[in-house]
Amino acid sequence: MPEIHWDSKLYNEQHHFVSDYGADVLQWLNAKAGENILDIGCGTGDLAAKIQEIGATVLGIDASADMVELAKQSYPAIHFEQKDAAALDYNREFDAVFSNATFHWVENQKGLLRGIYKSLKHGGRLVAEFGGKGNIKSIIDAIEDAAKQLHFEHRVISNFWFFPSISHYATLLESTGFEAAQIWLFDRPTKLVGEDGMLKWINQFAQHAFVNLNEEEAKAVTDLAVSILKPTHFKDGEWTADYRRLRIKAIKK
Ligand code: BEZ
């Protein structure tokens with residue numbers, strides 16, 4: 001996972017749409033009272049809380065200590081732990097594993113899926129949604145274009161996320177032992193909050209792109225990328241990001 005500083009307060013105020021959209025994925029999870037469920041990349045804990053409301057028991061894990069701290073404060077009745085998603089050490093404990101907007105951050109996808117497979121009881125399910133092939137292509141292209149115009153193209157890391165196609169992910173799931181029950185790839189244009197929504201999005205989520213630049217250089221690339229995107233992605237006072245989701249349901253056979 002790339003080094004990202006997660007500001008949980010900013011995330012809650014500015015990027016709350018992540019949990020709001022995640023509520024849709026919960027329908028695929030269809031959690032039941034009494035089930036034991038692992039939420040990978042629980043963030044601020046909002047979706048774990050929705051699962052627990054149904055009567056299931058949830059363990060929420062996240063790589064960010066800041067996020068886990070905020071989740072614990074917001075939902076003291078739920079168990080949260082700081083943990084690397086690619087190094088799970090559970091053994092047949094969970095009826096289901098759930099994840100929203102996290103898998104695209106994980107470099108070691110085989111390690112992630114092997115850990116999930118081992119964590120699930122026989123017949124258990126994995127339900128997850130994350131960025132699919134083509135996700136945020138315009139934003140990546142704008143960062144690349146801006147870096148090129150400013151002659152920083154060899155120092156900017158423009159695409160460090162994992163956005164797989166349906167066939168790529170089906171193969172990964174099946175080679176781990178899962179049955180890929182359902183996989184959808186769909187556009188989900190996503191409104192960002194405020195006139196500086198794109199600037200704040202890049203500052204929060206794309207900060208790893210600029211690890212080889214100083215602050216002034218990173219700001220120049222970010223500002224130029226925002227101005228490249230503005231004519232096409234800022235309408236009637238609102239920014240829209242070109243999200244594409246891969247939503248999966250897989251069964252441990
Ligand atoms: C996503 O949810 O698709 C996403 C969020 C932040 C960075 C990259 C992708």
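Leaving aside its neighbours within four places in sequence, which residues is R188 in contact with?

Guide: Happy to, and keep in mind that this is a predicted model. Once those sequence neighbours are set aside, R188 is in contact with Y21, E129, A241, Y243, R244 and R245. R188 itself sits in the loop between β6 (178-187) and β7 (190-192). With a relative accessible area of 11%, it falls under the 20% cut-off, so R188 counts as buried.

Now take A241, another of the contacts. On one side, β9 runs antiparallel to β7, joined by three bridges, and L192 stands opposite W239. Strand β8 (residues 234-235) is also antiparallel to β9, with two bridges, and there F234 is the residue opposite W239. Two residues separate the strands in the β8-β9 hairpin, and D236 takes a positive phi near 50 degrees.

Y243 and R245 lead us elsewhere: both contact R188, and both are among the residues around the ligand, along with W105, N135 and F163, for instance. The side chain of R245 has an N or O atom 2.6 Å from a ligand oxygen, and a polar side-chain atom of N135 lies 2.7 Å from an oxygen of the ligand. The protein covers 96% of the 260 Å² of accessible area that the ligand has on its own. By class, that shell has seven nonpolar, two polar and one charged residues.

Definitions and conventions: Residues numbered from 1 in each chain as written. Predicted model: local features only at pLDDT ≥ 70, side-chain atom pairs only at ≥ 80, totals over all residues. Heavy atoms only, no water. Helix = DSSP H or I, 4+ residues; strand = E, 2+ residues; numbered from the N terminus. Buried < 20%, exposed > 50% of the residue type's maximum accessible area, 1.4 Å probe, protein only. Contact = heavy atoms within 4.5 Å. Near = heavy atom within 4 Å. Polar contact = N/O pair within 3.5 Å; in protein donor to acceptor, adjacent residues only side chain to side chain. Areas by Shrake-Rupley, 256 points an atom, 1.4 Å probe, with all protein chains shown as cover. Nonpolar A, V, L, I, M, F, W, Y, C, P; charged D, E, K, R; others polar. Pairing = 2+ DSSP bridges.
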